[in-house]
Amino acid sequence: MAEPAPAPPHESAWLHVAGAAPYIDDLPERADCLHAAIAQASVAHGRLTKIDIAPALALPGVVAVMLAKDVPGINDCAPIVAGDPILAVDEIVYAGQAVAAVAATSLDAARRAASRIKIAIEPMPAIVTVDRALAVGSFLTPSQTMTKGDAADGLARAPRRLEGTLRLGGQDHFYLEGQVAMALPREGGDMLVLSSTQHPTEIQHLVAKALGRGFKDVVCEVRRMGGGFGGKETQAAQTACIAALLAWKTGRAVKLRLDRDVDMTLTGKRHDFRIDWQIGFDDAGRISAWSVDLAARGGCSVDLTDPVVDRAMFHADNAYYLEHARIAGHRCRTHTVSNTAFRGFGGPQGMCAIEYAIDEVARALGKDALDVRLANLYGHGSRDVTPYHQRIKDNILPELMRALETSSDYRNRRRAIAAWNAAHPWLKKGLALTPAKFGISFTNTFLNQAGALVHVYTDGTVQVSHGGTEMGQGLNTKIAQVVASAFALDFDRVKVTATVTDKVPNTSATAASAGTDLNGKAAADAADKIKRRLIAFGAEHFKVPPDRIRFTAQGIEVGTRRLTFAELVGQAYMARVQLWDSGFYATPEIHFDRERQRGNPFYYFAYGAACSEALIDVLTGESRILRADLLHDVGNSINPAIDLGQIEGGYIQGLGWLTAEELWWDPAGRLRTHAPSTYKIPTARDLPEDFRVAFWPEANHADTIHRSKAVGEPPLMLAISAWLAIKDAVAATAEHRLSPQLDAPATPERVLLAIEDLKRRAKLPAEARS
């Protein structure tokens, strides 16, 4: 296993640790800058009958109030399918929905004014849960079904069958920097929007539509975000649109920064799922048929629910060959905030479904779950076609999982834990080793494109602009490394600028773990064009063959001469050689027919596996992870230090989702966990005491930038091992005679309920215990 090698630090690392990295709320404000706040609805569903803004306008410092009727253009900030009003019109569809916005001379005045706006709503029946939506047939878009073979016949013929229902909770993004935007009017009605967004082009387009202007009239700029995790892919648009509308109305700069409570009640989360599954298998644990219904709470509008549920369907096989499969995805409409992208984008929920079912198979057979997993993995050259009929050509999981089994000392630890549990009645340990296979590419094929702009200056320094956004994940650092490598320059000779829509247009969101894949290739394309020009100039100027010109760390070798990069560039400039260029990249070999649910939606797969050891307190239900061994596939890592951080951070964020972070709506549809006092994210104390991470030593088979692999999302799924290790510890309370039902998040309450359920079932006759 390869250990991470030395690499340049994150390009803003010293700014981060010094508190000197400027985010939007830190930027100097224009003298005329106003501050904005939002008035929200307090009921989940109802008819908006009256809005009284007079009490707000009467307060000192209040300059303007914006309502839906004041919007000069289109009052909608939906990314794909219309239905996300910037400000409510006549129907309230979730508690927390924006109804009005205030601009005032101070943030305190704006928030006070927003709280004074009187909103009259005639309540209507609300659908809050997935169960209720399924019962009444409330869906955002039609359900989709993916099939391979004949799942019904496979289940009927299977020697053994199991079925069950699993519930997975949602997750708030809880980025350190909340939603924020600053809108600055320009001459002629143009607008500059500084936005904390993963998708500057979408902000540009939606703000332009709201203002009734062309895309050419709006520029969106993003220097950095204080975290995104998918929550700023589409959800940043409403904040940006409101700031821009108030700036248009007042003619003054406007900044809108949401506080945490407003952020959590206004914006979407990871989708929670109800999963109904059936699995057929033989006495060896080999799966013969798999049927699953994945029902997601989409919320009040489509947003990204369609592609999220699609990706859940794509990953409902995880790492396992399924001869007969039926995978259905349901997009439930509820009167709750519209759920959205979150790291993994539905993939984790699909993986959880089959990993949970395999754990149940193993317990039913009295086998180690690892052996059942190994028996069902995709193969090499056979047993290699997915339920969406893509052939897997790069499968490394059999070797990777065996390597982790050895390096984690899985078998010996399994025996040691059994002995430990026998001696400890009030504390129990559990162990689980699970794989992850995550498809890399946007599943909507046209989004797999990127552009970049590279400027070489006559002093030999280089500036790069690209369409991706930096949210702390190190994208700009990797892009700078790619360009520095192309010209054989030191890292500090290259600077990556803010992402601005007037430099690189028509960009895709920085999402789907494809930021480096797409923008790295585009930047390399631009750099290569300039490099070819410099080689052609050098060959003509110095009368040497082009193959005698080499870019090296020691300088540019031109035949027997050696020049610095700056010297070659300076001479090329004097000869009127173009020293800038644009680059473009479109991912090849991908296609998908959604109607037939067939195709090759992914350019390649990223793989990994984790072995987690958990400890639970039988009396309180509290749990912690004692040790985690992660072995992850990053290809040829461009920056091992950054990739290591992504793996560790992804695992911990997944751990939070599956064990601690609980979103709770009351029966009236109001979110009650909307602050750190009630919503618990992992802290440093939740890290495993023994945390081991290693890289799998193999380059990407696909022609990616430097043969690297995406690493943003895939590590999150490694935390499934922690959840199932807790389940294994719960099973130990009944000496593994029964299998516990453990939904996620596995909070102390759920762990205690699972233990109590085992006690109850243990008293029943054998035939009634399942």
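# Close-up views

**View A. The second largest pocket has a volume of about 550 Å³.** The model is predicted: local features need pLDDT of at least 70 and side-chain atom pairs count only at pLDDT 80 or more, while totals for chains, interfaces and linings use all residues. Residues are numbered from 1 along each chain as its sequence is written, and side-chain values use heavy atoms, leaving out hydrogens and water. A pocket is an open set of points on a 1 Å grid over the protein atoms alone, with protein on both sides within 12 Å along at least five of seven lines. Lining residues have an atom within 4 Å of a point. Points are joined across faces, edges and corners, and volume is the space filled by probe spheres set on them. Here 18 residues form the lining. Ser-623, Arg-624, Thr-659, Ala-660 and Asp-686 lie nearest the centre. Two elements, β28 (623-632) and α17 (640-659), each give two or more residues to this lining. Helices (H or I, at least four residues) and strands (E, at least two) are DSSP runs, numbered from the N terminus. The pocket lining divides into nine nonpolar, four polar and five charged residues. Ala, Val, Leu, Ile, Met, Phe, Trp, Tyr, Cys and Pro count as nonpolar; Asp, Glu, Lys and Arg as charged; the others, Gly among them, as polar.

**View B. The largest cavity draws its lining from domain 1 and domain 2.** Each of these domains gives at least three residues to the lining. A cavity is a set of grid points where a 1.4 Å probe fits but cannot get out. The whole structure holds four cavities of 30 Å³ or more. The largest contains about 220 Å³ of space. Its lining has 18 residues, with Cys-77, Asp-84, Tyr-94, Gln-238 and Ser-338 nearest the centre. By class, nine are nonpolar, seven polar and two charged.

**View C. Domain 1 and domain 2 are in contact.** The chain is divided into domain 1 (33-125 + 179-257), domain 2 (127-168 + 270-388) and domain 3 (449-586). These bounds come from an automatic or database domain assignment. The contacts join 16 residues of domain 1 to 16 residues of domain 2. Contact means heavy atoms within 4.5 Å. The C-alpha centres of the two domains lie 38 Å apart.

**View D. The largest nonpolar core has 153 residues.** Such a core is a set of buried Ala, Val, Leu, Ile, Met, Phe, Trp, Tyr and Cys residues joined through side-chain atoms within 4.5 Å. Buried means under 20% relative accessible area, exposed over 50%, and partly exposed in between (1.4 Å probe, protein chains only). Trp-290, Leu-294, Val-462, Phe-487, Phe-565 and Trp-723 have the most contacts inside this core. Helix α15 (residues 515-542) supplies the largest share, eleven residues. Domain 2 and domain 3 both give residues to this core, so it lies between them. A second, separate core has 53 residues, including Met-66, Phe-174, Leu-206 and Cys-300.

**View E. Val-462 has contacts beyond its sequence neighbours.** Neighbours within four places in sequence are left aside. Val-462 is then in contact with Val-454, His-455, Val-456, Val-483, Phe-487, Leu-489, Arg-493, Val-494, Lys-495 and Phe-565.

**View F. Thr-49 sits in strand β2 (residues 46-52).** Apart from residues up to four places away in sequence, Thr-49 touches Ala-120, Ile-121 and Glu-122. Glu-122 is 73 residues from Thr-49 in sequence, yet their C-alpha atoms are 6.8 Å apart.

**View G. Gln-144 sits in strand β7 (residues 139-148).** Gln-144 is buried, at 16% relative accessible area. Beyond residues up to four places away in sequence, its contacts include Asp-310, Met-313, Arg-594 and Gln-597. Glu-595 lies 451 residues from Gln-144 along the chain, with 8.6 Å between the C-alpha atoms.

**View H. Gln-597 has a positive phi, near 55°.** Most residues other than glycine have a negative phi, and most peptide bonds are trans. Gln-597 lies in the loop between β25 (591-593) and β26 (598-600). This residue is buried, with a relative accessible area of 3%.

**View I. Ser-441 has a positive phi, near 155°.** Ser-441 is in the loop between β16 (427-440) and β17 (449-456). At 3% relative accessibility, Ser-441 counts as buried.

**View J. The peptide bond from Ala-744 to Pro-745 is cis.** Omega is near 5°. Pro-745 lies in the loop between α18 (720-732) and α19 (748-762).
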